[in-house]
Structure formats: structure tokens, C-alpha cells
Amino acid sequence: MNGKVTIITGGAKGIGRAIAVFLAEKGGDIAIFDMVDGSETVATIKKMGRNAMYVCVDVSDFKLVEDAVESVYKEMGRIDNLVNNAGITLDRLLLRMKEEEWDKVIAVNLKGVYNCTKAVLKYMLKNGGSIVNVSSITGIMGNIGQSNYAASKAGIIGFTKSIAKEYAERGIKVNAVAPGFIKTDMTEALNDKIKEEMIKMIPLKRPGEPEEVAKVVYFLLSDYSSYITGEVINVSGGLYM
Ligand code: NAI
């Protein structure tokens, strides 16, 4: 990462935190956008000898995101990478799903990606950059009770490919990862029976660790993927192939 600055949304915990720490291990500096306190992640990164900052921001609000991105540029002097990782679930069968539940998931998971990407682009146009969006295999396969979430995650894939085409010539790569069943608070909330059923369906017979997603995100941000853009990599232990 060579001192490059990466903004990671939802970096206070779960997959986002694992990405932040892994990139710092690889010599990167990190800015975390989250609504829950990210100061513990920042302290961990600083102990590793890298620079890090936390901005309390709701990614679904464009104005707040624009200000947050500007504050990163002022404090860290550059913005090289963006990881659009913040996401929520509000699961319900469609007939019972309230309009607010649909709107909220789309606002955070999909509009949040638009907001952050649009806000960082002007900084990336100067020196190029790399963007990784965190989708989900649910956006490809669909899932009962997750029509709002699946629509947001499928939307991210279409967005990824469009922006990859729009900005390839300006030296900006845009890719996505589609995790399967990863051990975080988001999946901890599922009941034990659903978790057991999921694991049975995974060819590798175990949930993924957040670090296993982080390594793929690192690959996509780094020069190791210099000829890859507009791609979606599944990180699902074979659950989707
Ligand atoms: P998590 O719930 O542990 O972490 C999500 C983070 O996003 C939290 O720190 C939360 O505060 C933050 N966040 C939520 N709404 C926000 C907002 N409006 N503005 C700023 N930050 C916000 O979840 P996890 O599992 O780490 O998920 C990370 C991403 O990975 C999400 O986009 C999720 O959809 C995706 N994913 C997770 C899978 C899993 O099995 N855990 C599978 C597939 C995709």
C-alpha cells in the first residue's frame, strides 16, 4: 500500500475493520467512515505505525459524505482508494416489508455507494485510484426475506461495472467482492438453525473469516490486479460458483 490513503466505510467493525487492519499491515494509511465509534480501530492501526483517522458519518447522506471526504483530504493530503463496505440488513418477506425498510436498505447499501464514490472521484482524477465495492452473493443468487438487500447488492454490481467503464481511461479501477457467509455481527444475528443449514450448503463447510475477505480486497486495491476492472470476485467458500 506504500503510504496510500484508503477510505473504508463501515470500518469500525466486522469486515470493514478487518480490511482496515490488513491494509495497514501492508503499509497503508486508513480513514474510517462509520456511525459507530471507530476510534478502537484507529488506535490499533496507529500502534502498527500507520496513520489513521475516524469520521462519524452516515454514508446515506451526500452532503455529510462530501464534507467527510474533504476532511480526509485536508488531514491526510491524498485519497488513493475507496472501499464501499458499509451495509445493513432489514430482512422481511416482501408482503410484510414496510416501505421504510425497503428505502433504508437501499439508502445505506446502494445510495451510500453512489455518495462515497462520487465524492472521492474528483480527488482520484488527479493520480488515479482504486475502488472496491462490497456486494454479496445474495445480490447474484437472491434470498428469501432479503429482496431489499439483494436488490441493493445487485445494484452495486451494475454500478461497479458502469463506473469501471466510465473511469478506466482516467486510471481508476473499480471492482467488487461478493462475500458469502462471513463471521461478523451481521451473521451472528441469525438463529443457530439457519447458520447450521448455511454451513451445510458451503462446499468448504465453514463460515468465512473477515480477514479472508480483506485479503481479496487488498489484491483488488493493489497493483497485483493492475489489469482487472469491472470484476466481481465471490468470496464464499464455494457457496456460489
Ligand atoms: P457489520 O454489521 O459487522 O458491519 C457493518 C458496518 O457498517 C458497521 O460498523 C456499521 O456501523 C456500518 N454502517 C452501517 N450503516 C452505516 C451508515 N449508514 N453509515 C456508515 N456506516 C454504516 O457487517 P459486516 O458483516 O462486516 O458487513 C460488511 C459488508 O459486507 C456489508 O456491506 C455487508 O452487506 C457485506 N456482506 C456481509 C456478509 C456476511 O456474511 N457478514 C456477506 C455478504 C456481504
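Begin with the aromatic pairs, of which a search of the whole structure finds three; rings of Phe, Tyr and Trp (its six-membered ring) pair if their centres lie within 6.5 Å, and planes under 30 degrees apart count as stacked, over 60 as edge-to-face and the rest as tilted. The model is a predicted one, in which local features need pLDDT of at least 70 and side-chain atom pairs count only at pLDDT 80 or more, while totals for chains, interfaces and linings use all residues. Residues are numbered from 1 along each chain as its sequence is written, and side-chain values use heavy atoms, with hydrogens and water left out.

Select Phe22 and Tyr218, an edge-to-face aromatic pair with 5.7 Å centre to centre and 75 degrees between the planes. Phe22 belongs to helix 1 (residues 14–25) and Tyr218 to helix 9 (residues 210–221), so that this pair links distant parts of the chain, 196 residues apart; helices (H or I, at least four residues) and strands (E, at least two) are DSSP runs, numbered from the N terminus. Phe22 is buried at a relative accessible area of 13%, and Tyr218 is buried at 14%, where buried means under 20% relative accessible area, exposed over 50% and partly exposed in between (1.4 Å probe, protein chains only).

Next, select Tyr73 and Tyr123, a tilted aromatic pair with 4.8 Å centre to centre and 35 degrees between the planes. Because Tyr73 lies in helix 3 (residues 62–76) and Tyr123 in helix 4 (residues 99–127), the pair ties together parts that are 50 residues apart in sequence. Tyr73 is partly exposed, with a relative accessible area of 30%, whereas Tyr123 counts as buried at 10%.

Now turn to the strands and display the open sheet of seven, which has the order 3-2-1-4-5-6-7 with parallel pairing; two strands pair if DSSP finds at least two bridges between them. Strand 3 (52–56) and strand 7 (232–235) stand at the edges with a single partner strand each, so one side of each has no neighbour in the sheet.

Within the sheet, select strand 5 (residues 129–134) and strand 6 (residues 172–179), which pair in the parallel sense over six bridges. From Ser130, move to Lys173, its bridge partner in strand 6.
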